[in-house]
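Student: Please take a close look at one part of this model for me. I would like the aromatic pairs and their surroundings.

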Amino acid sequence: NIWNKNKQRFETEDKKAYLEYKLTNSKNGSPVTMDIIHTFVPSSKRGLGLASHLCVAAFNHAQSHSLLVIPSCSYVSVCSSFDLIIFRDFFQLLICFLI
């Protein structure tokens, strides 16, 4: 998987499957959350575990950068195979605190 920082997404090498995210910054400008907003795998490549691999890459990236993960993408929000804690309800409190 390839991290495309400029497009804020993780991609397969052929760039046909991807996971998109948005970063939310704190008052000092450093990122604090990674909101995973969309995953896409073309129908010809579904069933190969690509979306799961992209999610693992995103969660590993978030963990290594001390980012909280918001699972706005329906695939991520229902997938229970990830070991990291997802902070959906905490996000609203965090935004109120940072504003």
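Tutor: What follows goes through the aromatic pairs, then the sheet and core around them. The model is predicted. The count comes to two aromatic pairs. In one, the rings of phenylalanine 10 and tyrosine 21 have centres 5.8 Å apart and planes at 40 degrees, so this pair is tilted. The partners come from distant parts of the chain: phenylalanine 10 lies in strand β2 and tyrosine 21 in strand β3, 11 residues apart. Both phenylalanine 10 and tyrosine 21 are buried.

The other pair joins tyrosine 18 and phenylalanine 40. Their ring centres are 5.5 Å apart and the planes meet at 35 degrees, so this pair is tilted. Tyrosine 18 is in strand β3, phenylalanine 40 in strand β4, and 22 residues separate them. Tyrosine 18 has 17% relative accessibility and counts as buried, since the cut-off is under 20%. Phenylalanine 40, at 30%, is partly exposed. Tyrosine 18 has a charged neighbour too: the charged end of arginine 9 sits over its ring, 4.1 Å from the centre.

Now the sheet. Five strands form an open sheet in the order β1-β2-β3-β4-β5, with mixed pairing. β1 (2-4) and β5 (68-70) stand at the edges, each with a single partner strand, so one side of each has no neighbour in the sheet. β3 and β4 pair in the antiparallel sense over eight bridges. Lysine 22 has aspartate 35, in β4, as its bridge partner. Helix α1 packs on the sheet and touches β1, β2, β3, β4 and β5.

Last, the core. The largest nonpolar core has 18 residues, and Phe10 is among those with the most contacts inside it. The largest share, seven residues, comes from α1.

Technical notes. Residues numbered from 1 in each chain as written. Predicted model: local features only at pLDDT ≥ 70, side-chain atom pairs only at ≥ 80, totals over all residues. Heavy atoms only, no water. Core = buried A, V, L, I, M, F, W, Y, C linked by side-chain atoms within 4.5 Å. Buried < 20%, exposed > 50% of the residue type's maximum accessible area, 1.4 Å probe, protein only. Helix = DSSP H or I, 4+ residues; strand = E, 2+ residues; numbered from the N terminus. Pairing = 2+ DSSP bridges. Contact = heavy atoms within 4.5 Å. Axes fitted to C-alpha atoms, helices over the stretch in contact; angles between N-to-C directions. Phe/Tyr/Trp six-rings, centres within 6.5 Å; stacked < 30°, edge-to-face > 60°. Lys NZ or Arg CZ within 6 Å of the ring centre and 35° of its normal.
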